Amino acid sequence: RRWKKVAPVARQCWPPRTTAGGDGRRRQRGRRGERERERGEERARAGRTKRVEREGAAAAAAAGRSGWNMTQQNGAKRFLSSSAEFLSSLAPGRGSREENGAGSVKAHPIVDSGDAETDASVLVDQSFPSNCSDNIDISSLRSELTLGVRGEDRLCSSSLGKLSLDDWEDGSEDEYDAYDEDEDSDDAKKEGRDKSQLMSPGRRKSSSSIEALADSNLREAMHASQRGRSSSVNSVNSVKSQDNGVGGLGLGAKMVATDPATGGGAGVGGGKPVARVLQEDVDKLPIAQSPVIAIPHSPDVKNPKQFTHAPPRGLGGAGRALAAAYQASESIPYKRAVIPEPSLTTHDKNFCKALVSMLEKRKNYLYKIHTVVSTKSWDPKELEKEGKHGDYIEASPMSFTPFKVDPKEDSHLEFKMENGVYIPTNENHSIAIPVSASVFYADLHDLSSMMNSAPYHTFAHRRLKLLQEKFSLYQMLNAEKEFLAIKALCHRDFYNVRKVDNHVHHSACMNQKHLLRFIKKRVREEGDQPVIERDGKVLSLNDVFESLGLSPYDLNIDVLDMHAHNTKNTTFYRFDKFNQKFNPTGEARLREIFLKTNNYVGGKFLAGITQEVFEDLAQSKYQMAEYRLSIYGKSKTEWSQLASWWYDHKLVSPNVVWMIQIPRLYEIYRKNGMLSNFGEFISNIFEPLFEITRQPNKDPKLVAFLDNVVGFDIVDDESQHERKVSRVMPSPEDWDAEKNPAYNYYMYYIYANLYVLNSFRQQRNMSQFSFRPHSGEAGDVDHLAGAFLVANSINHGINLKKSPSLQYLYYLAQVGLAMSPLSNNCLFCEYSKNPFPTFFERGLNVTLSTDDPLLIHMTKEPLVEEYSIAMQVYKLSTADLSEIARNSVLQSGFPKELKRHWVGGSKMFENNPYQSNVPDVRIQFRKEALDAELEMVYKWGMANFEA
C-alpha cells in the first residue's frame, strides 16, 4: 500500500531530471517531491496504525470476548511500530517517560504480565521489552494478532490491565481505547477528522468517566491492600466467569493479583476497567502474592475440587486456558429435564411385576466373583513402568511373578458328576450348588412368555424411547459443561485412557500385514525346520511352500486372502465361509502351522507372533486385551497341553488377561467317534479343573495358567437351526444323539459347573471365572433370554433390537454388551443398521471390541480403528468414546485394583474424571436415569407382589 501511494510522486521527481531549466528549478521540484513523499509516508503510517487497530479488534471478537482487550491490542500495536517515537506520542499525565539512550524509553509504570510482583519501571526496547517472557519477532506477533491467538505473555509489559467487555456496548469491531485517546486524537487531527469518529456509535464514552472509574478502582485496590488482604479471593464470587468468556482467566495482565474468575486485575477493582496507574500510586502498593486458584489436579488427588494450588510462575496461555475451562465448567450448573411419572395401566403394572421377578431371579443365578486374598501387596503403577529398550516384562495383571507357584495343601473334598454337574460327594461341605436344570428351563419359559406379550412390548418400547430422548435433552442442555469439563482434564484424552478389547480371539489378534511379515521371516530364517507331518512324511517350511507352488516372494495380502470383506457379500450370512478365511491362502496346513497351539512344533510360531503383539500393546500402553484360547472338550489332556504352551513360551503381558472359549462342536466329535455322549464332553472340560483345584501340586503350570484366566465363553454359529429346550430335557449322560444340543442346553451346563467350581476355588483362595458367552449375534432371541439369567455379560447382542422387553431388562440389570459392529458388518448386520448407537443412547452397558482383527481390520491398532470408525459414522463425541472405553474396563476381568487405578472405581457408577476422561456430570445423568427407572419398576412391581 505504501508503494502505491508514494510511487507515483517518486516517479515524477526522483531521480532529478537534468533539463535546461537550471539548478533552481531542479531544487524546487526536489523540495516539492520531498514534501509530497513525507505527506505520503504520514498517510501510510496512519493507515497502518488504523489497520493494526482493526485487526486487533477483529482478533478480540474472534477470541470469544475473553482473550484480547483493547489494552493488549494497543500494547501490541506499540511493539509492531518498532519505534520509540510511537511511545513518546503518549499524552502527558498518563505516565512520565524519559529518554534512556540508544532509542529506548523508560516508561512508568508497567507491570509484567508474567509475574505477580509489581515492577516500578521496565526498560522497553524499540522492538520488544527486555522482561518479555518469550522473545519473538514482530511478524509472529502480528500473525497472532491477526489470527486471534491468546498469547498474553507475549504481550508482556504493555498489556496493562483488562477492560471488562461488559463496560463496552455491543457495536462494531473498532473499540475505543481510553489509554490512547490522545494518540488517536492526534491521528484524527492529521486526517482532519474529529476524534469521536474513531469510536463506533454504540461504544462512545467520555474519557473523564473512564478516568474517574480508574481513580475509584485504584482507591479500592489501595484500601484492600492496606487491610492486608487480596481482593482476588473475594472477587471470585462477585464476578461471573462466563461474562468475560471461557478464556477470561489469566488472559489479562496482572496488576496486583490475578482474578481467577475474570483474568483481569482483581487487585485493581476486581476485574473492572482500569486506566494507566501513576508511578507514585504504584509505589504505595505492596508486592502481591500469587493467588490461589482452582486448577485440575493429577489422578492422585481423590477429590480435586477440595484442593487448590498457586499457578506456576509465568503461567502461559495454555495453562490459563486450562484453569479457565475448569472454573467455567464448575460454574455452569447441571441442567435436568424434569419428566413427570407416567400413569400406568393394568398391563403396565403386571409387566413391572414380571420385571421385578426376573431381576431378582438373575441375582440368585449369578455367582459373585470374590477377590483372591493375598499377603503380597503390589502397586498397579508398577505394571506401567517402562524398562529399557529390549527388556521383556514377565508380569501379568494378576501377579508380578506369574510363573512362580507356591505349594498348597490338597483338599479333602471329592467331586463327581451327577446329571451333568459336578457336586461334592462329602456329606459335610459348604460348596454352593446351582439351581437345577428343570428350574432353569421353567424360568426360561416364563421369560420367553413375557417377551412375547404385545402390551409388554409397547410399555418397554416407550420407556426405551423415553430414555433415548432424555439423553438427547441432556446433550442439548449440558453440551457446553461436558466440553469444558473434558477440556480442563489435564493430561487425559481419548488416546491415553484405558481401553480393553473385551472380545477378541487370540488366533486372529494380529492384522494381515503382521502375519504376512511373520510368515516371510520364518520361511527366510527357518525354512529347513520340520513343521508338519502329512501322509507319514515330515515336511519343512520350504517343502510346504513348494507343495503349494508358492515362494515367500509371491506372498502378499491378496494371496493370503484372509479379509472377510474382500468380495462384497462373500461371507454375509455364511459363517462357514467366514471360518474358512482363517486359512492363509485357503490352505488349512498353513493355519495349523502358524495359528495353532498344539501342532508339530508345539505352537512355537503362534507364540512368537503373540509376543510381537504384546510388544505392540506395550508401546500403546493404554490398550488392553482379553484373548480367547480354545478348549474343545475332545480330551482331558487339553488343559495341560495348553498350560504348558503358555508357560513354556512365557506368554504374559501387563496388558493382557486370558479367557477360555468352548466351541459348540459336540456334533462333529460325536460323528467322528471321539465322544460317546454330551456328558463326556462336559467331563473333558471340567474334571481337570476340579482335580487341579483339589490337588494344585500335581501340575504347577496349569495352576499358574488358571491364575491368569478370567472367564469362559461359548462360541460358534448361532444362525443354525435348532430345537428349543423344553421343560423336561435328558441329562448330558443320556444325550448320546449325533445332533448338537440347543444353545441354552450348552449354556446351562457350562454355567452350572462354573458355579460349583467358583465356589470351590473361592474356599481354596484361588481365582474365579466369569461367564461371558457369545449371544444374540444371530439365531433365536431365546439365546439372549438364557444369557440374561446366567451370564455376567455377553458378546454381540445385536438381536436385542428385536425384543424391546428383553432389551429393557438388559438395561435395568446393566448387563454388559461387548459389541463388534465391523465384525457384524461382515456376517449378520450392516454397519449402518447396527443397533450400537441406539443402545448407547438409551444407556445400555455397551462397549466396542474387535472380534477378529486378522479378518476385519487394517491397522496396527485394531481397537482404535474400531473406535475411530464408530466415531465418524455414529457421530460420537470425546465424552462418548471415553464412556465406552470406561465401560470396557468395568466389563473386563482385570483386577479391581487396576480398575480403580484406571477409571477411579470398580463399580458401575464409581468414576474419577482425571483417570477415565468421563465428566462426572455424564455419570450422574446415567445414574439418575437408571435409578428413576428402577424406582418406578420396583414401586409398582413390589406393590403388586404385596397385593
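What share of the contacts in the protein chain with a separation of 6 or more comes from residues 24 or more positions apart? It is 73%, where a contact means heavy atoms within 4.5 Å. Here are my notes on the model.

1. **Ground rules.** This is a predicted model, in which local features need pLDDT of at least 70 and side-chain atom pairs count only at pLDDT 80 or more, while totals for chains, interfaces and linings use all residues. Residues are numbered from 1 along each chain as its sequence is written, and side-chain values use heavy atoms, with hydrogens and water left out.

2. **The whole chain.** You'll find 35 helices and 16 strands in the protein chain. These are DSSP runs numbered from the N terminus: H or I with at least four residues for helices, E with at least two for strands. Of the 947 residues, 53% count as buried. Buried means under 20% relative accessible area, exposed means over 50%, and partly exposed is in between, using a 1.4 Å probe and protein chains only.

3. Look for S805 in helix α27, which spans residues 804-813. S805 counts as buried because its relative accessibility is 0%. Leaving out residues up to four places away in sequence, S805 touches F351, M450, M451, Y456, H457 and A460. With H457 there is also a side-chain to side-chain polar contact of 3.3 Å. A polar contact is a pair of N or O atoms within 3.5 Å; within protein, one must be able to donate a hydrogen and the other to accept it, and residues adjacent in sequence count only if both atoms are side-chain atoms.

4. **α13 against α27.** Two packed helices are described by the angle between their axes and the distance between the axes. For helix α13 (residues 437-451) and α27, the axes come within 8 Å and cross at roughly 115°. Axes are lines fitted to C-alpha atoms, for helices over the stretch in contact, and the angles run from 0 to 180 degrees between N-to-C directions. On the α13 side you have L447, M450 and M451, which meet S805, L806 and L809 in α27. Sorted by class, that contact has 5 nonpolar, 1 polar and no charged residues. Nonpolar covers Ala, Val, Leu, Ile, Met, Phe, Trp, Tyr, Cys and Pro; charged covers Asp, Glu, Lys and Arg; the others, Gly among them, are polar.

5. **α12 against α14.** Some partners of S805 turn up again here, including F351, Y456 and A460. Helix α12 (residues 346-365) packs on helix α14 (residues 454-487) at about 85°, with the axes 9 Å apart. So α12 is roughly perpendicular to α14; angles of 65 to 115 degrees count that way, under 35 is roughly parallel, over 145 roughly antiparallel, and the rest oblique. From α12 come H347, D348, N350, F351 and C352, and from α14 come P455, Y456, F459 and A460. By class, this contact has 6 nonpolar, 2 polar and 1 charged residues.

6. **α32 against α33.** How are α32 and α33 arranged, at what angle do they pack? Helix α32 (residues 878-891) and helix α33 (residues 896-903) pack at about 165°, their axes 10 Å apart. That angle is why α32 is roughly antiparallel to α33. R886, V889 and L890 of α32 make the contact with K899, W902 and V903 of α33, and these divide into 4 nonpolar, no polar and 2 charged.

7. **E526 and its lysine.** E526 sits in helix α15 (residues 512-526). With a relative accessibility of 18%, E526 counts as buried. Its side chain makes a 3.0 Å polar contact with the side chain of K604. Setting aside neighbours within four places in sequence, E526 is in contact with L541, K604 and F605.

8. **N684.** Is N684 buried or exposed? N684 is buried, at a relative accessible area of 4%, and belongs to helix α23 (residues 678-694). A polar atom of the N684 side chain lies 3.0 Å from the backbone oxygen of G633. N684 and T637 are 47 residues apart in sequence, yet 8.2 Å apart in space, C-alpha to C-alpha.

9. **Two positive phi values.** K875 has a phi near 60°, a positive value in a residue other than glycine, and N917 has one near 65°. K875 is in the loop between α31 (862-874) and α32, and counts as exposed at 70% relative accessibility. N917 is in the loop between α34 (913-916) and α35 (920-946), but counts as buried at 0%.
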